[in-house]
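Hi,

Here is the structure I promised to pass on.

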Amino acid sequence: MARITYIQHDGTKHTVEAEPGMTVMEAAVKNSIPGIAAECGGACACATCHVYVDEAWHEATGSPAQIEEDMLDFAFDVRSESRLSCQIKVTDALDGLLVRIPEKQI
Amino acid sequence: MAETVIKTDAVIIGAGPVGLFAVFELGLVDIKAHVVDILDRPGGQCTELYPEKPIYDIPGLTIVMGQELTDKLTDQIKPFGAEFHFNQRVETLERLDGGFRVTTDLGTTIEAKIVVIAAGGGSFTPKRPPLPRIEEYEGKSVFYSVRKMENFRGRDVLIVGGGDSALDWTLNLQPVAKSITLVHRRPDFRAAPASVQKMMTLVDSGDISFKLGQVTELHGEGGQLRSVTVKGADGTIFEQPTEIMMPFFGLTMKLGPVADWGIQLHENLVPVDTEKFETSEKGIFAIGDINTYPGKLKLILSGFHEAALMAQQAHKYVYPDKKLIFQYTTSSSRLQKKLGVR
C-alpha cells in the first residue's frame, strides 16, 4: 500500500491508499478525487489527468516517456514537474507521494 | 446552400464502432443508412483516442487494437454500401411527415425515416485553453479551425501548439498571412517530421517566427485581440502582438447540438428503453455510450447488442406493412445474399 496525497488548487488535501500496480490517476478516480477528469480512461490520449509532482518526489516518479511528453502539449500551464497521472504507476516506494492538481484540466 | 437533399431510410450520427455496426444490423433488415461523423475517418474514440491500444473485451477477439477493430467493422459492413459524410456535424434535426430531416454544418441535408444517435461521448470539438475571457475573442480573433483562408489574408496570426494541426496551419497560412508566429512549449514537435522540417526552414529564412513558451493572458478590446502574454520556457514573460490566435490543444468530447433536438436528456445522456433503444421521440434511437438506462454499461459490446434490437423496431417504421421474420446469418440464404457470401 502507498498513501498518495492530492492537493487541490485551493489547497484542500485528500489522502488515499493505493495498491501497487494501479496508477496515480486510477487511485484518484477510485476515490472520487475532484480535478482528475481522465477523459480517455488512462490511454495517454487526452491530458485531463495532469498533475504537478511535488519536488521531493521527482526522482521516485521518474520522467515522462515520449508519448506522455507529447500528450502534455495538450495540457494547460505545463511545468517541469508536470506529469499525466495515468502514466505514474504506484509502487511501495511511492508511499507518501504528493501531487498537486492544476486549476483546470482541459 | 440549396444543395440536393439526400433521401434514405436511416441516418446514423456517429461512425464509432457502434454506429458502424448499426449499419450492419440495419442492413440485414434492408434498411439503407447514411452515416455522419465530425472526424475525418471512421472509428470514433477507437481511432481518435486509442488506435494502438488493446481492447480485451470484444467477444471472440482475445485482443484487438482500436484501429484494427474499426478496420474489421468497416470491412464487415461493406456489403451494405452505407454512405459516409465525414468532417461534419449534424446541427439541426427537424420532424417531417413520416420522418426527419437533418442538416450538417457543411450544409449536407439528409431526409430519413429514422435517426440513430450513436454519438458516443458527444462530438469531438477543439479544446478551449482556460485563458481568462477567451470566450469574448472566439469567432472574432480566436479561431480553432480555418473555414476560409481569405479571412487570414494580410493578418498577424499567432498559432499555439506542436501537433499536426498547429504545423499544418502554420505552413498553409504562411503564404497568406502578413506574419505567422508559432508558440510551442518545447522545442520538440509531435507533428509529421516533414512538416516540422518545412517549418524549421521557414523559421531559418525569417518567413515565420517561432517562440518557445505558453500563452498565459490575452489582451484586446471588444473581442479584437491586440497581443498575448507568453511565459517563455525559461520563465521570462513577454508580450507578443497579434491580431489572431489559433490554439491547438487537441480535441475533447461535447454533447453538442443533440441537446437542441427536443429529446429528453439526463445528465448529458439520452434515456432509452431497453427493448427498442428508442428515445423519448418516436423514430429517434440512441445506442452506445450516449444512451442511458438502468444497468447501462459503457461497453462496445453493449452498443452492438443495442444496435441489433434497435434495428428490429426501425424495420417497423421503415417497412410498416412488412412483417420481419427473425433469421440467422449462419443459415438464412436471404441474409447470406445480402452479405454477398452466397
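In what order do the five strands of the open sheet in chain A run? The order is 2-1-5-3-4, with mixed pairing. Strands here are DSSP runs of E with at least two residues, helices are DSSP runs of H or I with at least four, and both are numbered from the N terminus. Two strands pair if DSSP finds at least two bridges between them.

Before I go on, some housekeeping: this is a predicted model, where local features need pLDDT of at least 70 and side-chain atom pairs count only at pLDDT 80 or more, while totals for chains, interfaces and linings use all residues. Residues are numbered from 1 along each chain as its sequence is written, and chains are lettered from A and ligands numbered from 1 in the order in which they are written.

Back to the chain A sheet. Strand 2 (13-18) and strand 4 (82-84) of chain A are its edges, each pairing on one side only. Strand 4 of chain A runs antiparallel to strand 3 (residues 50-53) of chain A, with three bridges between them; His50(A) has Leu84(A) as its bridge partner.

Chain B has an open sheet too, made of six strands in the order 14-13-12-11-10-15, again with mixed pairing. Strand 14 (237-241) and strand 15 (244-247) of chain B each have a single partner strand, so one side of each has no neighbour in the sheet. Inside that sheet, strand 11 (residues 179-184) and strand 12 (residues 209-221) of chain B run parallel and are joined by four bridges. Val183(B) is bridged to Lys211(B) in strand 12 of chain B.

On the domain side, chain B splits into domain 1 (5-124 + 252-339) and domain 2 (128-249), with bounds from an automatic or database domain assignment. Their C-alpha centres are 37 Å apart.

There is a helix pair in chain B as well: helix 1 (residues 17-28) packs against helix 7 (residues 300-318) at about 35 degrees, with the axes 8 Å apart. Those axes are lines fitted to C-alpha atoms over the stretch in contact, and angles run from 0 to 180 degrees between N-to-C directions.

Finally, the interface: 13 residues of chain A are in contact with 16 residues of chain B, contact meaning C-beta atoms, placed from the backbone, within 7 Å.

Cheers

Key. Contact = placed C-beta atoms within 7 Å.
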